Every structure is written in structure tokens, then in C-alpha cells.
Amino acid sequence: MQKEQKNIKLNDHFNEKDTEKYIKSYMFIKGFAVAKNLNQTLISLSLARRLHEGQYRKDGLPYFVHPLKVCSTLINYGIDDDTILSAALLHDILEDCSDKLPLKGQELITEYHLSPDILDIILLLTKKSGLNDYELSIYFQKIEKNSRAALIKLSDRLHNSTNLYTFSFERMRKYIKETDDFIIPLASYCTNYYPQYTNEFAIFKANITSLNTSMRIMLDKLESHQDVKGNSTPNTP
């Protein structure tokens with residue numbers, strides 16, 4: 001008889017210095033969720049904190065800062081949908097916390113009693129590394145069929161694009177190209193086909209386009225400066 005697979009116990013003790021770096025965003029989302037009676041968002045807020053505890057981004061900040069920013073941006077754009085905000089908080093858990101989720105996310109439903117729609121969105125957003133352009137096109141085509149997943153993806157890209165300075169030049173160039181090839185067209189499509197979120201998608205498109213253009217100009221200048229500096233070294237006889 002096959003043994004029942006048990007869920008892994010999560011740590012409830014949080015680093016105080018890390019907490020100081022995200023507590024304002026955390027309390028903002030918590031207060032919003034309480035005021036709007038968003039019970040799933042409250043559960044997801046606590047769960048995301050526990051799952052991402054001890055993880056850090058390349059800029060040195062606690063990883064939990066990222067899902068908080070993705071969620072708070074959606075709130076600031078006028079989104080108060082419980083499913084969207086919950087999935088925004090948990091959108092990276094299958095990529096970054098798989099060791100704590102032996103049931104591949106089914107724990108969200110069976111243990112934490114979240115809506116299956118939330119897991120469906122997270123699964124849509126979960127991306128394997130090293131995808132080629134064709135595989136990326138399939139990935140984004142699936143997302144564009146779900147307006148809620150698309151909103152989270154655009155909020156995720158907006159925040160990640162503000163941290164491109166932590167990338168290598170090669171990875172930065174690839175990220176900018178991916179934004180041009182897939183993210184901006186996604187925003188355009190959703191602006192036209194999801195009238196209930198037209199304003200939100202249009203704002204995301206404008207902000208991401210502006211940021212991506214600025215990052216491309218900066219990268220061109222950095223690479224040009226590096227080339228000039230490298231070519232200016234005198235030859236030794």
C-alpha cells in the first residue's frame with residue numbers, strides 16, 4: 001500500500017531585519033484585504049511569506065518583496081478581485097518553492113482551501129527555464145487566454161524590469177527582447193479583448209514600453225562605453 005505523502009511543515013519564524021524591508025507593503029495588502037473581505041488574499045499573504053522566507057533576490061532584498069510588489073501594483077491599478085490578488089502573491093511558488101510543495105501545488109486546495117482557479121493561474125504563469133522562442137510563444141498564448149493570469153504577468157514584468165541592473169548584459173538584452181516580442185503584444189491583445197480591464201492593460205502596456213525603451217537605451221550606452229574602453233587599450237610593442 002502506497003504511503004500517504006505528507007505536507008512539509010513551514011517555518012513560522014521570520015527574520016526581523018527582512019521583515020523591516022517589506023512590512024509596509026505587507027500591512028498595506030493585509031489592510032486592503034481585511035477592508036474588502038478578501039479571505040483568500042489573506043491566506044495567500046501569510047502563505048507566501050512562509051514559503052519565501054529565507055529566499056533573496058539578486059539585489060539582496062528578501063524575495064517576498066517581489067510578490068508583495070506585484071500584488072500591491074494590481075491594487076493600485078484598481079484590482080480588488082480576490083482570486084487575482086491571491087494568485088499574484090503566490091505566482092512564483094511552483095518555480096521557487098517546489099521543495100516545500102511535494103504535491104505540486106495541490107496543497108493550496110486540500111490544505112489551505114484556496115480556490116482551484118488560483119492554482120490554475122499559478123500553473124499558467126509557471127515557466128520552465130531555457131525556453132526557445134517557439135516554446136515562449138506557446139507559454140504566452142496560454143496566458144493571453146486568461147485575463148487574470150495576464151494581469152499578474154504584466155505586473156510581474158513591470159517590477160522585474162525595474163531590477164534589470166542586477167542582470168548580466170547578455171541576460172538583460174534577452175529580457176528586453178522577450179518584453180518586446182511577447183509582453184508588449186500580450187498587453188496589446190488584452191487591451192483589445194478584455195474590456196473589463198482595458199484601462200489596466202493599457203496602463204501596464206504604456207509603463208512597460210516606456211521602461212523597456214529606457215533600459216534598451218541604457219544598455220546600448222553601457223555596451224558602447226565598454227567597447228570603447230576595451231578598444232582604447234594601447235598595444236604593447
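Modeller: A search of the whole structure finds zero disulfides, a disulfide being a pair of cysteine sulfur atoms within 2.5 Å. This is a predicted model, in which local features need pLDDT of at least 70 and side-chain atom pairs count only at pLDDT 80 or more, while totals for chains, interfaces and linings use all residues. Residues are numbered from 1 along each chain as its sequence is written, and side-chain values use heavy atoms, with hydrogens and water left out.

Colleague: Are C71 and C97 buried or exposed?

Modeller: C71 is buried, at 0% relative accessibility, and C97 is also buried, with a relative accessible area of 0%. Buried means under 20% relative accessible area, exposed means over 50%, and partly exposed lies in between (1.4 Å probe, protein chains only).

Colleague: What is the overall make-up of the chain?

Modeller: The chain has eleven helices and zero strands. Helices (H or I, at least four residues) and strands (E, at least two) are DSSP runs, numbered from the N terminus. The C-alpha trace spans about 75 × 45 × 45 Å along its principal axes, and 46% of the 237 residues count as buried.

Colleague: How many of the contacts between residues at least 6 apart join residues at least 24 apart?

Modeller: The share is 73% of the contacts between residues at least 6 apart in sequence, where contact means heavy atoms within 4.5 Å.

Colleague: Turning to helix 8, which of its residues are buried?

Modeller: They are L136, S137, Y139, F140 and I143. These residues lie on the same side of helix 8, because they cover an arc of only 165 degrees around the axis; the arc is that of the directions from the helix axis to the C-beta atoms.

Colleague: What do those buried residues pack against?

Modeller: They pack against helix 7 (116–125), helix 9 (147–161) and helix 10 (169–193).

Colleague: Which residue caps the N-terminal end of helix 8?

Modeller: N132 does, with a side-chain oxygen 3.1 Å from the backbone nitrogen of Y134.

Colleague: Another topic: which loop holds N37, and which one holds K104?

Modeller: N37 is in the loop between helix 1 (16–36) and helix 2 (39–52). K104 is in the loop between helix 5 (93–96) and helix 6 (107–110). N37 has a positive phi of about 60 degrees although it is not a glycine, and K104, not a glycine either, has a positive phi of about 60 degrees. N37 counts as exposed at 56% relative accessibility, and K104 counts as exposed at 67%.

Colleague: What does L211 touch?

Modeller: L211, which lies in helix 11 (residues 198–231), touches L158, S161 and T162, not counting residues up to four places away in sequence.

Definitions and conventions. Polar contact = N/O pair within 3.5 Å; in protein donor to acceptor, adjacent residues only side chain to side chain.
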